[in-house]
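Hi there,

Here is the model I promised to send over. Have a look at it first, and then read my notes below.

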Amino acid sequence: MTVTLHEGVRVRGLSRSFGDRTVLDRVDLDIAPGEFVALLGASGSGKSTLLRALGGLDPQAGGDLGLPDRKAVVYQEHRLLPWARVWKNVVLGVKGPDLKARAVAALTEVGLKDRAEAWPLTLSGGESQRVALARALVRTPQLLLLDEPFGALDALTRMKAQELVADLWAEHRPAVLLVTHDVEEALLLADRALLLADGRLAEEITVDLPRPRALDHPDFVALRRRLLSGLGVEKENR
Amino acid sequence: MSVDVLDPPAGAPASAAGPPVPAARRRAAARSRSLARTARRLSGLVIVLAAWQAGASAGLLGSTTPSPAQVVAAAGRLVESGELAANLGVSLLRVLKGLAIGLSAGLVLGLAAGLARLGEDLVDAPVQAVRMLPHLALVPLFIIWFGIGETSKVSLIAVGVVFPLYINVFHGIRGVDERLVESARSCGVGRFGLITKVVLPGALPQILVGLRQALGVAWLSLVVAEQSATSAGIGYLINQATQFMRTDEVFVVLVVYALLGLATDLLVRAVERRALAWRRGLVAR
């Protein structure tokens, strides 16, 4: 059952199985309005399944989902329509007047105003991902779902994109669920990090560090170690 | 359109390694390169024609092979008398009617099978079964059913073009990236919007491949349809020429067939260039 909430996320007893395999087992999850939550887990732990359920993309997910009305998803691949100009991709599915102006405004925020008329195939990977972010922004989402949005980017571009997301979040304050396997990314961006294991939220870590965050802050290092051991990575190996 | 896979892109490595070349000079160089390229391509054709002319003049090709000059002269006569234009008009009309019926049917069936599971179940199996039959084998049957008039000829062309278009529309639609559909849906695009904004544009490259194949089949069907019981059309022209051993006129009609195929191919290419402009981003920015 899905209920429209005006603010934040309230999920109770979310379950999903594929055949005999239970991927999500009665998961409870709350995200406050404007809160940035990172969801970590090993490959195949069901992170993306959880995100898809929150995005309303999985009609077979069971449980009570209290979700805000305006949601936007950014995927690991940019998923732009190659046959539509960049600005048309940004306002895809949006109705109302002045669509182009709204698209250009969103593109300006991600620094791509000049590429509004370009074809997506002429963009670099980082630029495409920024267009995908603009496409999310233009919907003024109350809940922004990020499914490993930086996973396919090179290290340098990834750092810039993370910075951009941090800035955009500070500016617009949507509730965010960031699915990632990158512990540092989670600690750089999120207020709270959740660990998904065996279909349940196994651990919850509040990231109480001042922003902007430094990778060499002693608390950061300690949290990182805790998260890594929670993910089953031996401390000695890292 | 042809790209030499083994050669690096023209100009790129040279200008990358050497000192920067002014844009105007680079453009001029590119222009002269493309001129040289065109000349090189034409030279092959010229050599073949010259060899043909020399061989025919020397009598090496036998009395039944005309020289290019004789073919051109025959073409001039046929154009002047109006015979070529009149018969070409008849043939073109047959092809257009056949295409109008066959392409619409192929498109409608392909859309039905591609967009709806029910459509696939109803349409695909019978179409695939009939497709296995070479449609040219239907000529005798169509003559019995529809007589020797226009109907049997147009039907043959129509039946021929249905299948290449159908298959490409169907597979084009099914080949559209599911993830694009999902992301468009999560952007709030409705069912109709998904079809017009995502599925059909995504299938268009494949649909145009189908159109190209269908046009090729249409000309082939025309040749076969006009081979028996015709009193007008370029097939009639070639039959008459054969009866009077006018090989020069036979050659003229063969050249006309080739030109018709070439013209329709260029037409589809022009459509592709316009409709698939977004793909040029892959090649030139």
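**Where the two chains meet**

Chain B and chain A bury about 1,800 Å² between them, with 66% of that coming from carbon and sulfur atoms; buried area is the accessible area (1.4 Å probe) that two parts lose on being put together, summed over both. Of the area that chain B buries against chain A, 35% is supplied by E182(B), C187(B) and W278(B), more than any other three residues. In contacts (heavy atoms within 4.5 Å), 19 residues of chain B meet 18 residues of chain A.

A word on the ground rules: this is a predicted model, where local features need pLDDT of at least 70, side-chain atom pairs count only at pLDDT 80 or more, and totals for chains, interfaces and linings use all residues. Residues are numbered from 1 along each chain as its sequence is written, chains are lettered from A and ligands numbered from 1 in the order in which they are written, and side-chain values use heavy atoms, leaving out hydrogens and water.

**Salt bridges**

I counted a salt bridge when a side-chain nitrogen of Lys or Arg is within 4 Å of a carboxyl oxygen of Asp or Glu. One joins R79(A) to E182(B), with the closest N and O atoms 2.9 Å apart.

Within chain A, E204(A) and R192(A) pair through their side chains (2.9 Å, N to O). This pair links distant parts of the chain, 12 residues apart: E204(A) is in strand β10 and R192(A) in strand β9. Helices (H or I, at least four residues) and strands (E, at least two) are DSSP runs, numbered from the N terminus. R192(A) counts as buried because its relative accessibility is 12%, where buried means under 20% relative accessible area, exposed over 50%, and partly exposed in between (1.4 Å probe, protein chains only). Shared partners also join R52(A), E77(A), R79(A), D177(B), R179(B) and E182(B) into one network of salt bridges.

**Elsewhere in chain B**

D248(B) sits in helix α11 (residues 247-275) and is buried, at 11% relative accessibility. Leaving out residues up to four places away in sequence, D248(B) touches P66(B), Q70(B), V71(B), A74(B) and R77(B). L42(B), by contrast, lies in helix α2 (residues 23-57) and is partly exposed, at 48% relative accessibility.

Best wishes
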